[in-house]
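Hi,

Here's the structure I promised to pass on. Have a look at it first, then read on for my notes.

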Amino acid sequence: MNLIGTAIQQLHQSEQRLALDLLRLSERHRADHEIYHLGRDLARWCREHVSALARIGPLYGVTLDPDLETSGLLSAGQQEPTSPGETDAMVTPLLTDLRHLYREAILMSLDWEVLIWTAQAGRERELLELAQRCRSQTLRQARWCSAKIKETAVQALLVS
Amino acid sequence: MGQVDRIAEPWGSRTPYAPGESWPLRVDTHLVDELTADQVDSWVQSASVLNSSGDALDIALKNGRIVGVRGRVVDRVNHGRLDPKDLYGWQATTSPDRLTRPMIRRGGRLEETDWDTAMDLVVARTRQLLAEQGPSAIGFFASGQLFLEEYYTLGVIARGGIGTNHIDASTRLGTATAAQALQESFGCDGQPGSYTDIDHADVIALYGHNMAETHTVLWSRVLDRLAGQNPPALLCVDPRHTPVARAATVHLAPRPGTNLALMNGLLHEILRNGWVDQDYISAYTLGFEELERLVAAYPPAQVARICDVPPEHIREAAQLLGTAKRLLSTVAQGFYQSHQATAAAVQVNNVHLVRGMLGRPGCGILHMNGQPSAQNTRECGIGGDLPGFRNWANPRHVEELARLWNVDPTLIPHYGAPTHLMQMLRYAEEGSLRMLWVCGANPVVSLPELARIRRILSSEHLFLVVQDIFPSETTELADVVLPAATWGEKTGTFTNSDRTVHLSDKAVDPPGQARPDLDIFLDYARRLNLRDADGQPLVKWRDAEGAFEAWKACSAGRPCDYSGLSYTLLRGSSGIQWPCTASAPEGTEHLYINGAFWSHPDYCESYGRDLVTGAPVEPAEYRALNPSGRALIKAAEYLPPHEVPSPAYPFYLITGRTLSHFQTRTRTGRVDLLQTEAPQVWVEMSVTDAAERNLIEGDLLEIITPRGRVEARLRIGGVRPGVLFLPFHYGYWDVPEDQRPPNGPGRAANELTPTDWDPVSRQPLFKTGVAEVALLRRGPSPYRDALFSFGDRTTTTLPVIADSASGASSATAPPRAASVSREPSGSRRISTATTEGVL
C-alpha cells in the first residue's frame, strides 16, 4: 500500500462516517421534514463515493468494502413512508448536529483536495476525475449544513 | 350570435385561425334572469379571479346588483372569451353564507363583534408578542387572490413596520417553483413568453399542465390553432390522459416523481442529434458543458426504465422539440408539485436556451401560475423575495427599500431568505411562532398532511387571525375572524401568467360590515402606529390608487417596472404587460430579446440555489460565475422519489384540479351550476388496476396512506397504471360536523399527502406519495346510475366499462352530465346559456 492508498482508505472511512451521521441526523429530526429527507438524499452521495473508492482502491493496493454498512438505517436506499411528524423541541440539538456535520464535511473536502493535488502531481487521471467529482459533492453537503444552520439559528436565537 | 351551454362545452365554439394570424374575437356573455345585454344598466371593468389566465371581463349591473359578466373583446389575453368558472362563479359573492361581521373567540366559541374590538385585540396581541419575543413571533400567510395594492401594503407593514421575515403566500403551494425555476435560469422571475406565442408556435409543449382544465380560455386558443391551417404539434407530459393528452401528437405519461429523468432524457436526445444553436449558447449562456456531461448518462433506454415510458416515445418527443422552428413551452403543477420540482422545471428552460428559442414570436416559456394574482405576491415581495424582485442577499437592494420606505435598513430582515410557509408552520409547531395572520387562504384543506395542520393551527399557543370572505375550515380554528370584501366589491390591479396587468373596479358594496383587505391592513398599520424614521406614518396611502402609485415607485428601475402604468391608462383600455415604462409605454411582449437577461450580479433577483440541496449560492460565488449577466444552464441528477410503492402501499397517489372548481371550493362550491357538475370527491384508477382488483366504476373505496384515510367513489380510466388521482378541492365546510375526521370519513385529498417539499423552491409536493385502496361498498347498480351521481364528465377522463369477469374493457364516450342534470327536476330550471358573439 502506498501513500495514495492510505489516503483512499481514510476517505473511505470518513465517507462512511459522514453517511451514518447524515442518516442519524435524519432520524433524530424526523419532525423537521427537510432535514429528514435531505439527510437521506445526501447520504446517497457518500454511498456512491464509498463504492467509487472501493472500485479504485485495488489500483493503489487497498481492498475496501463497496457497500455502506448502515445497520438498517437506510435499507436499499429507499425511504420508508413517513408517518405524522411528532412535535419536539429539538432546535438546539439540531444546531449542534448540523455544526458537527458541517465540520466533518469541510474537513473531508480538504482531504479530497489533497487527493486531487496528489493525483494531479502523479498524473493519475482516473483518480483525479473521481476526486474532483466527489469533492464537489462533499462541498455541496457542507454548504447545505451551513445554509440550514443559518436558517435555523436565527429563529432559535431570537426566541431564546 | 349563438347560445351555448358552457358547462357542457367548456371551451365554447371553435374560431379557427392559421399561424401568424390574430386570434379571432368571440364575446362570451352570461346574464341571469334572461336579461339581454341592452337591458344592463352599466358595465364595470374587471378580470377573472378564478384562474390565472387574466381573462378581462366586464361586470354587468342592473338596479345596483351584479347580474352577469361579459368578456372584454379589446383585451389582448382573451379576445372576449371567458372560462365557465368566471361565467357562473361570480354568483357565489351574493351567497347568504358570506362573512359579514368580525368574530372573536370567547370561551372556546366564535362570537360576532365589532371592528374596533376585533382589531384592538389583534393589535394588543401583536404588541404583546413584540415586547415578549420580538418580530420573530409573528407570521403572515397571504393569498394568491388579493390585489397587488393589498400585497404591497401588507409587505411594507410586515417588513418595514413589524420587521418580521415570516411572510409568505399561498402561491407557495401552487407556483413557487415557477418563480424559482425562472430565477435559476435567468436570475429573475418574470415569464419570458407571451400568450401570443400560441399564435405563432409550430410546436407547443405542455409539461404537467392540464391547460384544458386549469386555463380554459388559453386552451380555446390552442384548440382554435389546432382547428386552423398548419396547426402546431403538441407534446404533453402528464401521467393522466387529459384532454391535452388526447390532442397531443406525442403524449408521455411518466411514473410520478421522474420528471427530471425524463427531461434529462429529452435533452440527451436533443444534444446527441445536434439540434442546438451553438451561436446562441456561446453568446448568451453559461454551463452548457456541464449539461452535456450530465445528460450523457440519460440515454432513452435508461430513461425508459426510470420513467416507464417507451424509448421510442422519448425519441419522438425529443425530435418534436429539437426540430421545432418556433417552440412554446408551458409548465404547471405536474412539475411544480412533484419530486425535484425546480430541477425539472429548469430543464424546460434549458431546452429553450440550447435551442436559442427565446425573445421572438412563438418562442416562449410560460411558467404558469395557479391563482389570479400569484404573480403579484412574488412581485410585491410576499412570496419569498423582497418587493420589486429585489434580492435579499444583496445589501444594496435592501438599502434601496429602506430609502423608499424611509426606515433603517437593519429593520428590514435580510439575514436569510424570507421564511417559507412550511417552515413557519414548523416554528408554530415548536412554539416560536405565536401569531399567524391568514388572509384569503384555507390551509386546513390546502396543505399536506391535514391532521398535522389541524393540530398546529388549533394549538392554544398560536394566536390565529383569519381574514376571508366565507366561513371555512380555517376560520373555524381562528381566534379572530375578519370579514373581507371580494372581487367586484373593491378596486385594485392584478397580473396574470404572461405579465399582463388588469384593473378591477368596484361595482357594488361589500355585504354587511365586510371591508376590502386593503382597508383592513391600513387600519392595522394605523392602530399599531407604525412610523418611518421621521416619525411620519410608515404607510402613506389611504386607498388603492395611492397604494398603486407607491408600488410604481418601488418597481421603477426593477424588472417588473410598472412606472409607465396608471389607473387612468388601465381604465377604459385593457391589459398591459410589464415592464411598462416611459420608454416602453405600451408594455413589453417578450423578455430577453437578443439575450438581454436580468441576471447581472448587481441587478438579479436571486443568486440561485443548489438544484439538489437547495442551499443558496453565495453572492461572491455568483459574481465570479456570472459577472456579465448571462443565462445559466443548470443541470441536475435524478434522485429517486422519497416514497415509492411497496407491498403495503402499492400505488402512487397524485392530486389535482377539475374544471368546475377552484381551490377549496369556497366560491365554486356555492354556485349550483359548478357544484352539481362535480359535487363529490372521486378517485381515478387505471383500467388494468381496477380489473386486477375486481373493482367497477362507482365502487366506494377507501384510500389509505400512513397519514390518513379518504373515502371516494371510483372512476376508472384516465390515469396510467399504478397511479391514483384525487381532486384536492373537497374539504368539510359543507359536511356535517359529526361526519368529519376524526369521527367521520376523510374526503380532503390532503389527509393523505406527505409533508415534503422541493428544497429549492420550498413548494410542498402533492404528487409524490404512496397509497393503498380497499373496497368499502359496491357502487349503485347498474353502474351507469353512478356515472351521473358524481364527477365532472365533460373534461377529464373517459369512463370505462370494465367487465370484471373477463377483464375486458372499452372506453365509452363521455356522457354529457349537462344534458341530464339540468333537465327540470321540479324546481327552477338553471340557466347555463352563454351568448357567444363571434366577430
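Below is what I found about its salt bridges.

Before anything else, keep in mind that this is a predicted model. Side chains of opposite charge can pair when their charged atoms come close. Counting over all chains, there are 63 salt bridges here, and I picked out a few for you to look up.

Start with B:Arg293 and B:Glu290, whose closest N and O atoms are 3.0 Å apart. Both sit in helix 12 of chain B (residues 288-295), three residues apart, which is about one turn of the helix. B:Glu290 has 36% relative accessibility, so it counts as partly exposed.

Are the two partners buried or exposed? B:Glu476 is partly exposed because its relative accessible area is 38%, while B:Arg740, at 12%, is buried.

Then there's B:Glu772 with B:Arg693, a salt bridge of 3.3 Å (N to O). Here too the pair joins distant parts of the chain, with B:Glu772 in strand 28 and B:Arg693 in the loop between helix 27 and strand 25, 79 residues apart. B:Arg693 is partly exposed, at 31% relative accessible area.

Last, check out a network of salt bridges: A:Asp32 is linked up in it with B:Arg426, B:Glu429, B:Glu430, B:Arg452 and B:Arg455.

Cheers

Conventions
Residues numbered from 1 in each chain as written. Chains lettered and ligands numbered in written order. Predicted model: local features only at pLDDT ≥ 70, side-chain atom pairs only at ≥ 80, totals over all residues. Heavy atoms only, no water. Salt bridge = Lys/Arg side-chain N within 4 Å of Asp/Glu carboxyl O. Helix = DSSP H or I, 4+ residues; strand = E, 2+ residues; numbered from the N terminus. Buried < 20%, exposed > 50% of the residue type's maximum accessible area, 1.4 Å probe, protein only.
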